[in-house]
Amino acid sequence: MATYKKKYKVEGKKEQQEVDESQFETAGVLNTLEETASKSEQWIEKNSKPLFTALVAVVVVFLSFLGYTKYISEPNELEAANELAFPRKFYDQASKAGSGIDSLLILGLEGADGNYGFLDIASAYSGTSAGNLANYYAGVSYLEMKQYDKAIEYLENFDSEDEMLGPVALGAVGDAFADIDQGQQALEYYEKAATKKKNDFTAPLYLYKAGMTAMGLEKFGKAAALFTKIKENYPTSEQAKDVEKFINAATYAKK
């Protein structure tokens, strides 16, 4: 009886082939990565000096900022705030005095006994919050003394986003222009003050002043619009009580 050797199918040959191809693909990717890494290393090596210089520059700028804030800016702010206390007491006294306040205001402006006044603080600490506030006090002091040009100069150098102080400063510039019969400039500043912060105190107040100034300039349509804003937007304000008659007067005059 003849004996036959049974042929068996070799399992896994195809899979082995696929594994081998995958290995080749992996090797190709690795080679590509190695080439890319090599090029990156070469580029970094070539540009190491400018890269290091740029890094050092960034660090220097950052440390300079921290140093300026800690050792210059913050101490200046504190020093300026302390300096501001001296002239403030004269300003506060003047605001409570019934008459003869100019001498107190001058002491506040110019300082005394080796202490800075508002003018010195505004100049010496111009980059600080206290220096900015000194501009406001100087401006309103000059306005009280009827030195309108100086009042306008210092008040225009003051800037604030405070809910009350920002509009009041702009309104004070408007008052200064109104007192020297420059109605158009006064109107512009009253409108700025009215829109700076839309609260129930300053906004209707300066809308009213703007409206009355517009009436004086015979800009009756504008006046009517300003008074109408008080009626519609701030009906509970003090200025809204009699605003209807001003609306009627401006509307009648416009015809």
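## Exercises on a predicted helical model

T213 touches G183, A186, L187 and Y190, leaving aside residues up to four places away in sequence. The model is predicted.

**Exercise 1.** Determine where T213 lies and whether T213 is buried or exposed.

Solution. 
- Step 1: T213 is part of helix α9.
- Step 2: The relative accessible area of T213 is 16%.
- Step 3: Buried means under 20%, so T213 is buried.

**Exercise 2.** Describe the secondary structure of the protein chain and how much of the chain is buried.

Solution. 
- Step 1: The protein chain has 11 helices and zero strands.
- Step 2: Buried residues account for 32% of its 255 residues.
- Step 3: Among contacts with a separation of 6 or more, 52% join residues 24 or more positions apart.
- Step 4: The accessible surface of the chain is about 16,900 Å², and carbon and sulfur atoms contribute 54% of that surface.

**Exercise 3.** Compare the span of helix α10 with the expected value, then find how its buried residues are arranged and what they pack against.

Solution. 
- Step 1: Helix α10 covers residues 220-233, which is 14 residues.
- Step 2: From first C-alpha to last, α10 reaches 20 Å, close to the 20 Å expected at 1.5 Å a residue.
- Step 3: The buried residues in α10 are A223, A224, L226, F227 and I230.
- Step 4: Viewed down the axis of α10, these buried residues fall within an arc of 165°, so they line one face of the helix.
- Step 5: An α-helix has 3.6 residues a turn, so residues three or four places apart point the same way.
- Step 6: The buried residues of α10 pack against α8 (183-196), α9 (202-216) and α11 (243-254).

**Exercise 4.** Classify the aromatic pair of Y208 and F227, and state which helices the pair ties together.

Solution. 
- Step 1: The structure contains 13 aromatic pairs.
- Step 2: In the pair of Y208 and F227, the rings are 6.3 Å centre to centre with 55° between the planes, and the pair is tilted.
- Step 3: Y208 lies in helix α9 and F227 in helix α10, so the pair ties together parts 19 residues apart in sequence.
- Step 4: Y208 has 27% relative accessibility and counts as partly exposed, whereas F227 is buried with a relative accessible area of 0%.

Terms used: Residues are numbered from 1 along each chain as its sequence is written. This is a predicted model: local features need pLDDT of at least 70, side-chain atom pairs count only at pLDDT 80 or more; totals for chains, interfaces and linings use all residues. Side-chain values use heavy atoms; hydrogens and water are left out. Helices (H or I, at least four residues) and strands (E, at least two) are DSSP runs, numbered from the N terminus. The expected span of a helix is 1.5 Å times one less than its number of residues. Buried means under 20% relative accessible area, exposed over 50%, partly exposed in between (1.4 Å probe, protein chains only). The arc is that of the directions from the helix axis to the C-beta atoms. Contact means heavy atoms within 4.5 Å. Rings of Phe, Tyr and Trp (its six-membered ring) pair if their centres lie within 6.5 Å; planes under 30 degrees apart count as stacked, over 60 as edge-to-face and the rest as tilted. Accessible areas come from the Shrake-Rupley method with a 1.4 Å probe; for residues, only the protein chains shown count as cover.
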